[in-house]
Amino acid sequence: MVSQHYPAHVSERQKKLEAALAAAGFDGLVIQAGAPFTYFSDDQDAPFRPTPHFAHWTPLEGPSHLLHLQVGKKPRLARVAPEDYWYEQAPLGNPYWASQFDMVEVPDVERAWRELPIRGRTAYVGDRPEEAGAHGILRDAQNPSALTARLDWDRAVKTAYEVDCMAAASALGVRGHAAASSAFREGASELAIHQAYVEAIGCTDKDLPYESIVGLDEKGAILHYCGKRKTGSGRVLLIDVGAQVNRYASDITRTWTTDKADAAFRDLVAGMEKLQLELCGLVKPGIAYLDLHAAAHQKIGDLLHKVGVLKIGGKDAIARGVTSPFFPHGLGHFLGIQVHDVGGRQKSPEGGTVPPPPEFPYLRTTRKVEVGQVFTIEPGLYFIEMLLRPHRTGATKDLFDWKLVDRLSSHGGIRIEDNVLVTKDGHRNLTREATASSGLPRAVPG
Ligand SMILES: [Mn+2]
């Protein structure tokens with residue numbers, strides 16, 4: 001994907017970096033693309049992922065490259081391109097982004113270091129600090145938290161280039177989800193639904209931003225279910241899978257049902273779709289993400305009450321602690337180069353953490369909502385026996401319709417997840433935009 005906003009992205013990075021260097025007391029920074037991760041006692045590497053701080057500057061793929069950033073200078077990028085006949089070493093050519101760098105190509109990492117004129121107080125960010133030490137970067141300048149905290153903080157606010165990448169990643173994901181939902185309706189297995197997804201977006205599993213979650217029926221209640229049953233079909237599909245563009249992720253979940261699903265469960269799915277969109281509609285600068293999360297609990301409590309699973313709704317259900325067994329995760333998380341992007345609980349540019357309140361321990365986002373942030377809105381409603389069991393006896397047992405709970409348990413759960421950008425006037429829903437403009441059926445479950 002070519003974005004006209006890329007030059008402005010690099011200028012913005014440079015501006016933010018210079019402020020961060022000044023605040024942390026450095027003159028320059030070397031960021032390393034990262035080393036391949038080799039499994040213990042093996043000669044096989046895990047699929048490579050670049051250091052996120054490196055990917056924040058350039059979509060250049062592959063390990064070992066060095067990026068040298070200095071105050072007032074054009075970024076210098078030493079691309080490591082070994083002479084090697086085991087793996088493909090494709091020539092770089094002239095990609096649209098390369099002119100933003102003072103580029104040099106070298107056959108190994110040692111020569112990459114020699115290409116960098118390191119002087120003054122230079123910091124290093126990467127996974128090979130000992131290598132940085134051998135090239136004159138002091139120990140207290142290797143991954144210094146005073147600098148990395150500021151870089152993490154800045155990553156939460158996306159540039160127009162990053163938004164282009166993430167919108168494209170949502171569009172790709174939506175295409176895959178449409179194919180997956182068709183496969184589900186034709187009676188496909190979990191494995192076949194997964195294959196329909198990757199086939200539709202034209203990638204392999206290692207190009208996905210995270211392992212796909214494809215759960216039929218009761219498996220939908222396992223939040224990170226990664227099995228892929230080869231046979232069988234379902235009445236309900238919970239599918240959580242994204243796509244990557246220039247290393248930026250989308251993270252999309254849909255829940256689909258066939259007409260064989262219980263009518264009460266289908267009402268829950270329709271209700272979740274409606275309340276998910278209402279929650280997206282509340283997103284605007286200045287609010288606390290925690291308030292969105294609390295609103296989700298109230299809406300889910302009301303829905304459970306309306307369908308008859310709970311005998312009380314909304315505020316009362318929250319006060320009695322009976323929404324949490326159905327909705328035991330956070331409403332969402334920051335999204336970007338990492339699927340669970342950094343900085344969601346960060347207190348300030350200097351670092352520190354704002355912990356979630358004790359009643360919502362899994363909430364990953366406690367930071368104030370600001371223009372340029374991208375995060376997910378993903379309310380969930382599941383029938384998880386481990387969490388329901390404590391309520392089957394004791395003070396809260398009469399608040400549930402246990403017969404209905406037991407009837408719906410075999411349907412697993414519901415999660416609906418979009419990727420939302422905070423704008424000056426409110427928000428842009430990158431996922432629904434892609435759904436609306438794709439010509440594909442709108443991703444309305446049920
Ligand atoms: Mn997610």
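**View 1. Three strands form an open sheet in the order E13-E16-E17, with antiparallel pairing.** Strands here are DSSP runs of E with at least two residues, and helices are DSSP runs of H or I with at least four; both are numbered from the N terminus. Two strands pair if DSSP finds at least two bridges between them. Strand E13 (374-377) and strand E17 (426-429) stand at the edges. Each has a single partner strand, so one side of each lacks a neighbour in the sheet. On average, neighbouring strands of this sheet are turned by 40 degrees against each other, direction ignored. The model is predicted: local features need pLDDT of at least 70, side-chain atom pairs count only at pLDDT 80 or more, and totals for chains, interfaces and linings use all residues. Residue numbers start from 1 along each chain as its sequence is written.

**View 2. Strand E16 (residues 418-423) pairs with E17.** The pairing is antiparallel and runs over 4 bridges. Valine 422 has histidine 427, in E17, as its bridge partner.

**View 3. Helix H8 (residues 263-281) lies across E13, E16 and E17.** H8 runs at about 155 degrees to E13. Axes are lines fitted to C-alpha atoms, for helices over the stretch in contact, and angles run from 0 to 180 degrees between N-to-C directions. Contact means that the C-beta atoms of two residues, placed from the backbone, lie within 7 Å.

**View 4. Helix H1 (residues 6-24) has a buried side and an exposed one.** H1 has 19 residues and reaches 26 Å from its first C-alpha to its last. That is close to the expected 27 Å, which is 1.5 Å times one less than the number of residues. Tyr6, His9, Val10, Arg13, Leu17, Ala20, Leu21 and Ala24 are buried (20 or more other C-beta atoms, placed from the backbone, within 10 Å; exposed means 12 or fewer, partly exposed in between). The arc is taken over the directions from the helix axis to the C-beta atoms. On the other side, Ser11, Lys15 and Ala22 are exposed. The buried residues pack against E1, strand E2 (66-70), H5 and helix H6 (160-185). Glycine 25 follows H1, with a positive phi near 80 degrees.

**View 5. Serine 41 has a positive phi, near 60 degrees, though not a glycine.** Serine 41 lies in the loop between strand E1 (28-32) and helix H2 (52-55). Serine 41 is exposed, with 5 other C-beta atoms within 10 Å.
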